[in-house]
Amino acid sequence: MKILVTTINSKYVHTGLGIYAVAGYLRAQNRHEVAVKEYTIQTPLLSILADIEPLAADIVGLAVYIWNKEQCLALSQMIKAVRPNCKIVLGGPEVSFNAPDILRNNPHIDYVIQGEGEQVLAQLAAAIADGTSTALDGVSGQEALSDKIAVVDNLDSLPFAYKYLNDVDMEGRILYYESSRGCPYRCSYCLSGISHRVRLRSVPSAISELQWLIDKKVKQVKFVDRTYNLTKEHYLPIMRYLAAQDTATNFHFEIKADLLTPDILEFLATVPKGRFQLEIGIQTTYAPALAAINRRNDWELLQQNIKKLLGFGNMHIHVDLIAGLPYETYAAFQQSFNDVYALGADMLQLGFLKILHG
């Protein structure tokens, strides 16, 4: 069978980690002909369709995110119109938790993958190819719904997502990488804690894969680990390895700054300038809002550690706030903004609360 896995990115410089992860797993099965295509939200849908149609794919999988949902739904309908026998499969955070609505409102969609899709999409492709039942855990279809969210227990069972990119020029691009999945925290605005457990890719595997990205001269590697600095035995060897390399690649980590201990701060002070970029989610300093979203911040320690990091002068420090959190009035948000702005970070990113399915 011919399978196309595709998505619509927000910008050309970005790379869709999800589609490479599922395509890599499918290719490792050595059973199907698998193609990967990336587009951007600036690309006209008819141009995307013209590029896709000659592939004559039996299955088209689209990764759906908050920025491309409308385009993906429209594109999938166009694909079905020109290739009615093609199976359309959606996956990603914008469809994983509302599959019944997606299927009911879009009869041209055949299946929705719910959760982490590598293993489940391979199972679904095998069932379609063999003509066996597609009533699988983590797959909802027009004929049967599933109440399960797929979770990959062992991350080392997954091949390196970018293994098949040897013929693609990655120099100067931003690539996303994950050394862990899940989050132990239960922040109510975030999807990452839904699996209720953190799974780690082994340190040797992560180091080998990151060296591949360094060799490709990737401009920036963004770790998508929700809280990178959770387990010192996992994250510190990786950071030490990256700090020791002779490379211009920058590595971006999302961390919880009030978890940083004195020995970690001492190490971070020695990292080559420009090698690391730290994103620190503060979200709010207003206690009632923090309580409502199930988030705990040690504001005094956050301030101390962020000021120390800035004092090192060797890393770009990026802090985050969310506007629109429960109970946060305009006055309370103004105070949160002033509190965080006063830290003097290199960037303050203001996000707006979004309603996420799930």
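This is a predicted model: local features need pLDDT of at least 70, side-chain atom pairs count only at pLDDT 80 or more; totals for chains, interfaces and linings use all residues.

Biologist: How many salt bridges does the count come to?

Modeller: The count comes to 15 salt bridges. A salt bridge here is a side-chain nitrogen of Lys or Arg within 4 Å of a carboxyl oxygen of Asp or Glu. In general, side chains of opposite charge can pair when their charged atoms come close.

Biologist: Which side chain meets Asp101 in a salt bridge?

Modeller: That partner is Arg104, with a distance of 2.3 Å from N to O. Both residues lie in helix α4 (residues 99-105), three residues apart, about one turn of the helix. Helices (H or I, at least four residues) and strands (E, at least two) are DSSP runs, numbered from the N terminus.

Biologist: What about Glu116 and Arg181, and where do they lie?

Modeller: The side chains of Glu116 and Arg181 meet in a salt bridge of 2.9 Å, N to O. This pair links distant parts of the chain, 65 residues apart: Glu116 is in the loop between β5 (111-113) and α5 (118-130), and Arg181 is in strand β8 (residues 180-181). Both Glu116 and Arg181 are buried. They also belong to a network of salt bridges that links Glu116, Glu118, Glu178, Arg181 and Arg199.

Biologist: And which residue does Lys256 pair with?

Modeller: Lys256 meets Asp258 in a salt bridge of 3.0 Å, N to O. Lys256 counts as buried because its relative accessibility is 9%, and Asp258 is buried at 12%.

Biologist: Changing topic, which residues make the nonpolar surface patch?

Modeller: Ile41, Ile66, Trp67 and Leu356 make a patch of about 320 Å². Patches are made of residues with over 30% relative accessible area and no salt bridge; like charges are joined within 9 Å, and nonpolar side chains (Val, Leu, Ile, Met, Phe, Trp, Tyr) within 5 Å. The areas come from the Shrake-Rupley method with a 1.4 Å probe, and for residues only the protein chains shown count as cover. Trp67 is in the loop between β3 (59-63) and α3 (69-82) and is partly exposed, at 39%.

Biologist: What covers the picture for strand β7, face by face?

Modeller: Both faces of strand β7 (residues 174-177) are covered: Ile174 and Tyr176 on one side, and Leu175 and Tyr177 on the other, are all buried. In a regular strand the side chains alternate between the two faces of the sheet.

Biologist: Which strand pairs with β7?

Modeller: Strand β10 (residues 220-223) pairs with β7 in the parallel sense over four bridges; two strands pair if DSSP finds at least two bridges between them. The bridge partner of Tyr176 in β10 is Lys222.

Biologist: How many cavities of 30 Å³ or more are there?

Modeller: There are four. A cavity is a set of points, on a 1 Å grid over the protein atoms alone, where a 1.4 Å probe fits but cannot get out; lining residues have an atom within 4 Å of a point. Grid points are joined across faces, edges and corners, and a volume is the space filled by probe spheres set on the points. The largest cavity holds about 160 Å³. Of the 15 residues that line the largest cavity, the closest to its centre are Pro159, Ala161, Glu178, Arg181 and Arg201.

Biologist: Lastly, what is the phi of Gln283?

Modeller: Phi of Gln283 is near 70°, a positive value in a residue other than glycine. Most residues other than glycine have a negative phi. Gln283 is in strand β12 (residues 276-283) and counts as buried, at 9% relative accessibility.

Definitions and conventions: Residues are numbered from 1 along each chain as its sequence is written. Side-chain values use heavy atoms; hydrogens and water are left out. Buried means under 20% relative accessible area, exposed over 50%, partly exposed in between (1.4 Å probe, protein chains only). On a 1 Å grid over the protein atoms alone, a cavity is a set of points where a 1.4 Å probe fits but cannot get out, and a pocket is an open set with protein on both sides within 12 Å along at least five of seven lines; lining residues have an atom within 4 Å of a point.
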